[in-house]
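Please open the model in your viewer and keep the selection panel at hand. The stops below are meant to be followed in order.

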Amino acid sequence: MRRSVPQIVSVAAAVIGDVFFLFTLYYIDFDETVQRASLLGLALPVVLLPGTIWHLLRTWGWAVAFPDTARPAFTRLFRVRLAADAIGFFTVRGIAGEPLKVLLLYERVVPEITTAAVALERLAFAVMGTTIAGIISLVAIQRLTMPGGWELMFALVAMAAVGMLATLALVARRRSEYYLETFVNVLDRLTHRRLERHRVVRFVLDVEHVLLDLLRGDRRRLVILTVLPIVCYLLMASEVWLVFWAIEQPISITESLTVETFSRLASIASAMVPGNIGTLEASNVAVVNALGLAGGGSLALARRIRALLWAALGLLLYPRVKATD
């Protein structure tokens, strides 16, 4: 039986994750990790606190991304977000969670608005996250001693941040222009076809209208979606700091931010791996070791526990969708 391309990609992603997981188990000091895990267990409620606040703030950011006249209740958004993240966590294609958000809100908000709100919130966190990662990368290069390959990687991240900021400045200009709509109109003139009549094209153009109107229309919304990613980034870096505090291996704020930056980049790169199995462990252990520190296994364990707990809660709170005629 011949396998389809998605099936091949799914199997390959799972195999890659398993390889990274086995490599991490071989690379870490297992006895030391088990010994420090007992210390981590006593402080686990404190270690999990930044992740809890992070989820609440991400939900608030998503709520802010909706138009004022079409914003669902916060509790509904919280349940939908956790449920979608849980499905995305346990599937090979992590992006499955984003369409699920639209589906779970279908009876309350029209799909174009939900899609635009999802895109705006994701865009804000992606742009600001990349910007912060670029700044942290420059600081890491200047203040920390790391192997040459690591310094090159952080230098590339800093360059990517500059490019993304330039792109955002272009798109966010206060103009009435809709970029995709203009592109479709050019294609129509060249091909003599009415592409906007197709349902999918029309949907995409409607989403662009809502998204750019939201992006250009409310200064308060822009301020919130600019500040929130910074706060959330610092929260997850504080999780790193708390783990090392719990296992009695204190590290500096710069080191915590550097660990969070690399593990975040690795998580994005390994989005196809279900549950980031193996890649989560490998990325945290690798960057901790590159900094000359001990305790990477404990950090990976704490983050794995946190991810599983929130994924389980997302499945438990999975909201029902009423049948529509």
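Predicted model: local features only at pLDDT ≥ 70, side-chain atom pairs only at ≥ 80, totals over all residues.

Residues are numbered from 1 along each chain as its sequence is written, and side-chain values use heavy atoms, with hydrogens and water left out.

**The largest nonpolar core.** Select W62, F66, L77, L105 and L120, the residues with the most contacts inside the largest nonpolar core, which has 24 residues. Such a core is a set of buried Ala, Val, Leu, Ile, Met, Phe, Trp, Tyr and Cys residues joined through side-chain atoms within 4.5 Å; buried means under 20% relative accessible area, exposed over 50%, and partly exposed in between (1.4 Å probe, protein chains only). Next, colour α3 (44–64), α4 (74–90), α5 (97–104), α6 (111–143) and α9 (199–217), the elements that give two or more residues to this core. The most, 6 residues, come from α6. Helices (H or I, at least four residues) and strands (E, at least two) are DSSP runs, numbered from the N terminus.

Now centre on F66. Leaving aside neighbours within four places in sequence, F66 is in contact (heavy atoms within 4.5 Å) with R71, P72, L77, L105, V109, I113, T114, A117, L214 and R221. Another core, of 23 residues, lies apart from the largest one; select A140, L144, A246 and L299 among them.

**Helix α5.** Which residues of α5 are buried? They are G97, E98, L100, K101, V102 and L104. Because 6 of its 8 residues are buried, α5 is largely enclosed by the rest of the structure. Display α3, α4 and α6 as well, against which the buried residues of α5 pack.

**Y178.** Move to the loop between α7 (148–171) and α8 (179–191), where Y178 is placed. Y178 counts as buried, because its relative accessibility is 17%.

**The cavity.** Finally, select W54, R58, F125, G129, P229, C232, Y233 and R264, which line the largest cavity. A cavity is a set of points, on a 1 Å grid over the protein atoms alone, where a 1.4 Å probe fits but cannot get out, and lining residues have an atom within 4 Å of a point. The volume of the largest cavity is about 30 Å³. The largest share of its lining, 3 residues, comes from α10.

Conventions
1 Å grid on protein atoms, 1.4 Å probe; cavity = no way out; pocket = protein on both sides within 12 Å on 5 of 7 lines; lining within 4 Å. Points joined across faces, edges and corners; volume = space filled by probe spheres on them.
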